[in-house]
There are 2 protein chains.
Amino acid sequence: MTTVLTLTIRPAQPSDAPQILAFITELAEYEKARHEVIASVDDIQRTLFGDNATAHGLICLRGDQPVGFAVYFFNYSTWQGRNGLYLEDLYVSVDARGTGAGKLLLKHLAREACAKGCGRFEWSVLDWNEPAIQFYKSIGAQPQPEWVRYRMDGQALQAFAADA
Amino acid sequence: MTTVLTLTIRPAQPSDAPQILAFITELAEYEKARHEVIASVDDIQRTLFGDNATAHGLICLRGDQPVGFAVYFFNYSTWQGRNGLYLEDLYVSVDARGTGAGKLLLKHLAREACAKGCGRFEWSVLDWNEPAIQFYKSIGAQPQPEWVRYRMDGQALQAFAADA
């Protein structure tokens, strides 16, 4: 007898924070950046679910078991004069790979982008992550390699902000 | 007699929309993307100043004359469990280059990032824009070239969202 477990997507809620942090950490390990995860459960609760939260979470369930998540926010295109939807993080746990959970999360977000009148659905990928890149190309996404992100953080940000 | 015109920064307001669109268009010309500017004054007014606006504008004045602008929004880092500040567009009109207007806008944004508890201040630059790249490096920003942005838009986005 085979039990078929249905995949569903629902908005994340505050009680998901520990699970979200566990997923974030698993993804960072894959991205070789475990040491860069400094978020706490409390940080996640406050910044994704607090009054002024601008980022949003989704949970993918297989049956009633969380097997993946996404975090997104609305970015903006001045050329279009409208918002876009930016996917910050997408992760499916190892034991749920190949079930379609990742594609279901992406489809849910594409629909949300269309429903909100967004002109673009965007995300970033590490340049060595070939399986992800091939998947993204297969669903019609285009790389924007001419745009390089710059970042100011930590001491450099504090110093630049403080300098008269 | 020399008249010294003071540079000031203030939040953009709905009546700035025509000036903002003019700046957006000038910047797009420099970025060789004039044909990609499809925004109207009405779009700018609605999306930057409407009830659900998530992006924000700044105007730089020299005396009482607008000479530059910035559009930004809050992004999110799952690794940090906190927001960042993302600068979408920064532009200073040709006749105000070299006056410090661009750096003043960046400093204003760095302070806003610190005031809002953001962990990062980020933006993107075209890989051939050497003057901008040298300037960004000089103020302590670091390139993140290993991250490549992917985009789904237009027909590809509609098709992916509609597909069952």
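## Strand pairing across the interface

Strands, like helices, are DSSP runs numbered from the N terminus (strands E, at least two residues; helices H or I, at least four), and two strands pair if DSSP finds at least two bridges between them. Val125(A) stands opposite Val148(B) in β7(B).

## Basis of the model

This is a predicted model, in which local features need pLDDT of at least 70 and side-chain atom pairs count only at pLDDT 80 or more, while totals for chains, interfaces and linings use all residues. Residues are numbered from 1 along each chain as its sequence is written, chains are lettered from A and ligands numbered from 1 in the order in which they are written, and side-chain values use heavy atoms, with hydrogens and water left out.

## Extent of the interface

In chain B, 70 residues are in contact with 70 residues of chain A; contact means heavy atoms within 4.5 Å. The area buried between the two chains is about 6800 Å², and carbon and sulfur atoms give 59% of it. Buried area is the accessible area (1.4 Å probe) that two parts lose on being put together, summed over both. Trp79(B), Tyr150(B) and Arg151(B) supply 15% of the area that chain B buries against chain A, more than any other three residues.

Arg149(A) forms a salt bridge with Glu122(B), with the closest N and O atoms 3.5 Å apart.

## Two buried residues of chain B

Arg149(B) is found in strand β7 of chain B. Arg149(B) counts as buried because its relative accessibility is 13%; buried means under 20% relative accessible area, exposed over 50%, and partly exposed in between (1.4 Å probe, protein chains only). Not counting residues up to four places away in sequence, the residues that Arg149(B) touches include Glu122(A), Trp123(A) and Gln142(A).

Gln80(B) is found in the loop between β3 (65-77) and β4 (82-92) of chain B. Gln80(B) also counts as buried, because its relative accessibility is 12%. Leaving out residues up to four places away in sequence, Gln80(B) touches Ile38(A), Ala39(A) and Asp43(A), along with Gly119(B) and Arg120(B).

Conventions. Salt bridge = Lys/Arg side-chain N within 4 Å of Asp/Glu carboxyl O.
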